[in-house]
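Look over the sequence and the structure before reading on.

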Amino acid sequence: MTKAAEIDLASVTKRYGGTVAVDAISLKIPPGTYCCLLGPSGCGKTSTLRMIAGHESVSDGDIALGNAIVTNRPPARRGTAMMFQSYALFPHLDLVDNVAFSLRMKGVGKAERRAKALEMLQLMQMEAYATRRPAQLSGGQQQRVALARALITDPEALLLDEPLSALDPFLKVRMRAELKKLQTRLGITFVHVTHSQEEAMALADLIVVMNNGRIEQAAPPREVFERPATAFVARFMGDHNVVSGRAATGIGGLALLEVPNGGRFAATGRTAGDGAPMDIAIRTDHVRLGEPTQQGLGFTGTVSNIEYRGASVKLSVDGAGIEDFTAIIDETSFHRKPVVVGDAVPLSWDAGDAIVLGRFEG
């Protein structure tokens, strides 16, 4: 395969009339990286992918692949290949001709393009189905054919637009493992759009969280999970409680947050000064049942909901000026001393599990 290319977006903007879909984003994707563009519907992730592919024009800014500025190049001259959400296979062609189609458009001879198509189908473990048509395949098999068709041009980067969205939950898990293995084997850059936090965490070397056309955080999965940059990232990833209030004078080397109508909470990090708006994030899976050992590292609240999850139990607790605070308790600890809805429970956590968040200026 062709060697992987770095992808570099410099202040890239996309406007549709008066609407700004992508707002002056800058991003470097190192060569050979599996990058996931992650965010809710309408955040700009698909527009970003399509601009990299050349299927959408860039309103402002530049896109480079390797050492080449490709901003105004047509898709076929970018060194990228795109796999669409719908797979877009031709129903009247067998798998060999589907996979070989782009080579046919380039004028490659029949024998050569069919040989290369069979090689790609073999890579996807689909050579036994070479004479079938798309309607005779399962969703997972169609996805493999679409991948083979995208890869036959030896791209430096493969662009994937929600490639797993049409699959059932069990097949999604299997196919994302196949995608990761394929990217590792080929060594080329993958850019994958998804709205699934679990999918991004499982696949990516680099997660780019987008919101309202901007990048809120671009970092490895562990950093996004453990150190979310903003309240949006913490809420969207779903693994932190976000508490908003105003900064107060710190205690014991920790920042202090005051919540309207309630408590005061300590967190690791810097504040903008007393009285300034402030968000903190507290890891849901590091919250314990029990009294805090230090001021600001816990509170007592009322259990409003309990969800059994097998290995863990999710408690929702209201109190100290906070509603719907989540604690993920391991099953053994919970059943050692179970609680019910309506019980008053003390919750606590360690200082390192509460962090001051940055504020994204939207």
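Predicted model: local features only at pLDDT ≥ 70, side-chain atom pairs only at ≥ 80, totals over all residues.

Residues are numbered from 1 along each chain as its sequence is written, and side-chain values use heavy atoms, with hydrogens and water left out. Helices (H or I, at least four residues) and strands (E, at least two) are DSSP runs, numbered from the N terminus.

**Helix packing**

- Helix H4 (residues 139-151) packs against helix H5 (residues 169-186) at an angle of about 20 degrees, and their axes are 11 Å apart. H4 is therefore roughly parallel to H5 (a term for angles under 35 degrees).
- Axes are lines fitted to C-alpha atoms, for helices over the stretch in contact, and angles run from 0 to 180 degrees between N-to-C directions.
- Contact means heavy atoms within 4.5 Å. On the H4 side the meeting residues include Gln-143, Arg-144 and Leu-147, and on the H5 side they include Met-175, Glu-178 and Leu-179.
- The residues of this contact between H4 and H5 comprise 7 nonpolar, 3 polar and 2 charged. Ala, Val, Leu, Ile, Met, Phe, Trp, Tyr, Cys and Pro count as nonpolar, Asp, Glu, Lys and Arg as charged, and the others, Gly among them, as polar.

**Cavity**

- On a 1 Å grid over the protein atoms alone, a cavity is a set of points where a 1.4 Å probe fits but cannot get out, and a pocket is an open set with protein on both sides within 12 Å along at least five of seven lines; lining residues have an atom within 4 Å of a point.
- The whole structure holds 1 cavity of 30 Å³ or more.
- Asp-97, Ala-100, Phe-101, Arg-104 and Arg-113 form the lining of the largest cavity, and helix H2 (residues 95-105) gives the largest share, 4 residues.

**Pockets**

- The largest pocket has a volume of about 580 Å³, where a volume is the space filled by probe spheres set on the points, and grid points are joined across faces, edges and corners.
- Its lining has 23 residues, and Thr-80, Ala-81, Met-82, Ser-102 and Thr-153 lie nearest the centre.
- Strand E6 (80-83), H2 and H4 each supply at least two residues of the largest pocket's lining, and E6 gives the most, with 4 residues.
- The second largest pocket holds about 380 Å³ of space.
- The largest share of the second largest pocket's lining, 6 residues, is from E18.

Definitions and conventions:
Parallel < 35°, antiparallel > 145°, perpendicular 65-115°, else oblique.
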